[in-house]
Amino acid sequence: MRNKILLIFLFIFFVFCFFIFYKSINNTNSYKPNIKLGKILKNFDAIEFFSENEINSNEIFVDNKYYIINIWATWCAPCRKEHPKLIELSKKKSAKLIGINYKDNLKKAKKFIGEFGNPFSVILFDKKGILAIELGAYAIPETYIIDENKKILKKYLGALTNDNLKEINSILK
Amino acid sequence: MKKFFFYFFLLFLFNFSLAHSIENKNILKNKISKNIRCLICQGQSIYDSQSDFAVSIKLVIDKKINEGFNEDEIYNYLKDQYGQWILYDPGFNEKTLVLWILPILLFLVGGAIILKKIVIKKL
């Protein structure tokens, strides 16, 4: 009887171990961020890109149904790749595009915008990357879709794809 | 001359307390940084990493310390932004229940088995 209990206990233990290892094998080593949606964006102060004056988020989030925040930099190759998609998104009247220029050289960034076009209604200059962290960013580029109540509806990590664009268009309808 | 020494002493005291407070802040900053996981690195803490993410998080920790946040408040702030995974020392909640309970459970079961064997031997 005792041996039977021991065998059952061992069997359960091995099944448990197998389950844990099986799950671990299927997971990759690289971390996949757990994107937190539904969070309300807190008030923040930032530096406006062109005037270099301080601006409060309350002055930015006004009158629009949706806001698209895009974190970018000139030194980031995927940001350059997604720029035409942002230009396309800027044509949507239901959304206001807000750019956050992350840890960049202001002169180079201004040149970049002059050269490739400015899809953003407002650009904020995040010299030290603090604003990006306060928004919950991991790396760049990142794009957030925010509603009129400053609620984060969607986060896209990495350069926007055509599928992302389709999804954004369906949200903005 | 007395006045000069008085002001010199005050300046010395002020500098000393300033240096002491900066040192305390740095100790706290380093302690927190060592307990925060660099989410885009492989097995590194924020303290060890020089990635953009880590550098920015260190700046945010610095900012929060200057704003008067204590250690727990900073952990909670970062946990709120990035989830439980950012902390190296996971708190007790429904997701970490097994992690916390299992060692105690195994210890109790093992202890009970050993105790039982000892009691049986004595009898």
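In what order do the seven strands of the open sheet in chain A stand? Before I answer, please keep in mind that what we are looking at is a predicted model. The order is 2-1-5-4-3-6-7, and the pairing within this open sheet of chain A is mixed. At the edges stand strand 2 (54-56) and strand 7 (152-157) of chain A, and because each has a single partner strand, one side of each is left without a neighbour in the sheet. If we ignore direction, neighbouring strands of this sheet are turned by 30° against each other on average.

Strand 3 and strand 4 of chain A run parallel and are joined by seven bridges, and A:Trp72 has A:Asn101, in strand 4 of chain A, standing opposite.

A:Trp72 also leads us to a cysteine. Apart from neighbours within four places in sequence, A:Cys79 is in contact with A:Trp72, A:Ala73, A:Ile140 and A:Pro141. A:Cys79 lies in helix 3 of chain A, and the residue counts as buried because 23 other C-beta atoms are within 10 Å, where 20 or more are required. Although A:Cys79 and A:Pro141 are 62 residues apart in sequence, their C-alpha atoms are 5.7 Å apart in space.

Now to the nonpolar core. The largest one has 44 residues, and those with the most contacts inside it are A:Ile68, A:Leu124, A:Ala132 and B:Ile57. Two or more residues each come from strand 3 (66-72), helix 3 (77-89), strand 4 (95-102), strand 5 (122-126), helix 5 (130-135) and strand 6 (142-147) of chain A, and likewise from helix 2 (52-66) and helix 3 (71-82) of chain B. As an example, A:Ala132, once its neighbours within four places in sequence are left aside, is in contact with A:Ile71, A:Ile100, A:Tyr102, A:Asp126 and A:Ala137, and also with B:Ser56 from the other chain.

That brings me to the contact between the chains, which takes 15 residues from chain A and 14 residues from chain B. On the side of chain B that touches chain A, helix 2 and helix 3 of chain B are the elements that give two or more residues, and helix 2 of chain B gives the most, with seven residues.

Finally, a word on chain B as a whole. Chain B is divided into domain 1 (2-89) and domain 2 (92-123), and the centres of these two domains of chain B, taken over C-alpha atoms, are separated by 40 Å.

Definitions and conventions: Residues numbered from 1 in each chain as written. Chains lettered and ligands numbered in written order. Predicted model: local features only at pLDDT ≥ 70, side-chain atom pairs only at ≥ 80, totals over all residues. Core = buried A, V, L, I, M, F, W, Y, C linked by C-beta atoms within 7 Å. Buried ≥ 20, exposed ≤ 12 C-beta atoms within 10 Å, placed from the backbone. Helix = DSSP H or I, 4+ residues; strand = E, 2+ residues; numbered from the N terminus. Contact = placed C-beta atoms within 7 Å. Domains from an automatic or database assignment. Pairing = 2+ DSSP bridges. Axes fitted to C-alpha atoms, helices over the stretch in contact; angles between N-to-C directions.
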